Amino acid sequence: MKTLEWEDNKLKLIDQTKLPDELTYVYCNNYQDVIVAIKDMIVRGAPAIGVAAAFGMALADIEGVDLNKAAKEIKSARPTAVNLFWAVDKVLNSEDPLAEALKMYEEDMATNRAIGKFGAEVIDDGDTVLTHCNAGALACVDYGTALGVFRAAHEQGKNINVICDETRPRGQGASLSVWEMQQENIPVKLIPDVASGFLMSQGKIDKVVIGADRIARGGVVNKVGSFMVALAAKHHDIPFYVAAPYSTFDNEISIFDTVIEERDGDEVRYYGGARICPEGTEVINPAFDITPKELITGIITERGIIDPI
C-alpha cells in the first residue's frame, strides 16, 4: 500500500480524509497543492509528510519557483512534525531536488521495514498490543512504524491482537489503523480513547507501541492522548515503546520547547458531520502532546532499540 507515489511529474496521494469508506487519490500538480494536502491532512503522519514535502520542493523546482521561497511556505504547512523541516532542508541543500525526493521515498520504505524487524523482537507470541493514532503505512510511504512492528510480528507467524484507540477528535485510530490491520488480516479491536487505562487494569494489554512526530531531549511528541496512555502504562508496569526513524529526531532542542499545533475548534465541535456541543462552545484543540522520557521503555529505530534521549 503506497500512501504516495510520483507519477508523470505529479505527486499522487491517498486521500486519507475519505478512508475507510473510499480509497481515492489526489494529484498534486504544484507545490501549493502539496501544502494544501498537508494542511488538510489528506496526507498525514510524520514520515509521509516529510516525503510529500520533499516532492513539493521538487515540484517547485520543476515550476521554476525560488526554492527558498517554496521551502518557507512548505514549512509553514504544519509546525510540529520535524520530518517536514528535515526533508525540506535536505532537498534545499541537494543538487537535484527530484532525485533527492525519490531517494527519500525509497529510503523510507527500507527504514520502516528495519523498524518493524527490530520492533518485532519485543512482541511475544500471544501478545495483545495497543496503539494510539495511526503510525502505519498511511503515515509513511509504505509499511509503517508502530503498525510496521505489528506487521513484522504477524509476518513472523506470531499470534497477536491489536487494540486501537479511536484517537479523537479526527479518529485516525478508528478510520485508519483499524482499516490497515483489517487489510492485513491481523485481529484488531477498536476502543474509546478513555478505555485504555481500564483495559490495562484488567490485564488485557501486554504492550503499547506508538509513533512519533518529534523526538528530542527529554521525550517524544505524538498525537494528543499519547501522554495519558503512557501514564496508564507506567502505572500498570506495561512496556511503552515509540517506533520512529532517525529523521524524526531533533537533538538540538528540549522536547518541551516544541511548538504544539493548535487546530480548528470545529474538529472537536463536530464529529461525523454532526455538532456534538452547544453552538458557540469555546474549544482547546491541541494536535499533539508530550510524553516525557521517564514513561518510555525504548525507542524502536531503523538501527535498533535505544533509550530516550
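Student: Which residue in β9 stands opposite I215?
Tutor: In this predicted model, I215 has V220 of β9 standing opposite.

Student: What makes β8 and β9 a pair of strands?
Tutor: Strands pair if there are at least two bridges between them. Three bridges join β8 (residues 214–217) to β9 (residues 219–223), so these strands meet the cut-off of at least two. They run antiparallel.

Student: In what order do the four strands of the open sheet stand?
Tutor: The order is β11-β8-β9-β14, and the pairing is mixed. On average, neighbouring strands in this sheet are turned by 30° against each other, with direction ignored.

Student: Why are β11 and β14 called edge strands?
Tutor: Look at their sides: β11 (249–254) pairs on one side only, and β14 (288–292) does too.

Student: S254 belongs to strand β11. Is S254 buried or exposed?
Tutor: Buried means under 20% relative accessible area. S254 has 18% relative accessibility, so S254 counts as buried.

Student: Which residues does S254 touch, not counting residues up to four places away in sequence?
Tutor: Those are A216 and R217.

Student: Let's move on to β5 and β6. What makes this a pair of strands?
Tutor: The same test of at least two bridges works here. Four bridges join β5 (residues 161–165) to β6 (residues 188–191), so these strands pair as well. Their direction is parallel. One example of a bridge is C164 with its partner L190 in β6.

Student: Which elements make the right-handed β-α-β unit?
Tutor: The unit is made of β5, helix α7 (residues 172–183) and β6. The name right-handed is used because, with the strands pointing away from you, the path from the first strand over the helix to the second runs clockwise.

Student: Where is P169 placed?
Tutor: P169 lies in the loop between β5 and α7. A cis peptide bond, with omega about 5°, joins R168 and P169. Another cis bond joins L19 and P20, also with omega about 5°, and P20 is in the loop between β2 and β3 (25–28). Most peptide bonds are trans.

Student: How do you know that helix α6 is mostly covered?
Tutor: Count its buried residues: in α6 (residues 146–155), eight of ten are buried. Among them are A146, L147 and F150. After α6 comes G157, with a positive phi near 90°.

Student: What is the phi of N9 near?
Tutor: It is near 60°, a positive value in a residue other than glycine. N9 sits in the loop between β1 and β2. M41 also has a positive phi, near 65°, and M41 is in the loop between α1 and α2.

Student: What relative accessibility do N9 and M41 have?
Tutor: N9 has 42%, so N9 is partly exposed, falling between the cut-offs of 20% and 50%. M41 has 3%, so M41 counts as buried.

Student: How many residues does the largest nonpolar core have?
Tutor: There are 36, and L4, L11 and F55 are among those with the most contacts inside this core. Helix α2 gives the most, with ten residues. Leaving aside neighbours within four places in sequence, L11 is in contact with residues including L4, W6, V34 and F55. There is also a second, separate core of 24 residues, which includes I163, I215, A232 and L295.

Student: How many helices and strands does the chain have?
Tutor: The chain has ten helices and 16 strands.

Terms used: Residues numbered from 1 in each chain as written. Predicted model: local features only at pLDDT ≥ 70, side-chain atom pairs only at ≥ 80, totals over all residues. Heavy atoms only, no water. Helix = DSSP H or I, 4+ residues; strand = E, 2+ residues; numbered from the N terminus. Core = buried A, V, L, I, M, F, W, Y, C linked by side-chain atoms within 4.5 Å. Buried < 20%, exposed > 50% of the residue type's maximum accessible area, 1.4 Å probe, protein only. Contact = heavy atoms within 4.5 Å. Axes fitted to C-alpha atoms, helices over the stretch in contact; angles between N-to-C directions.
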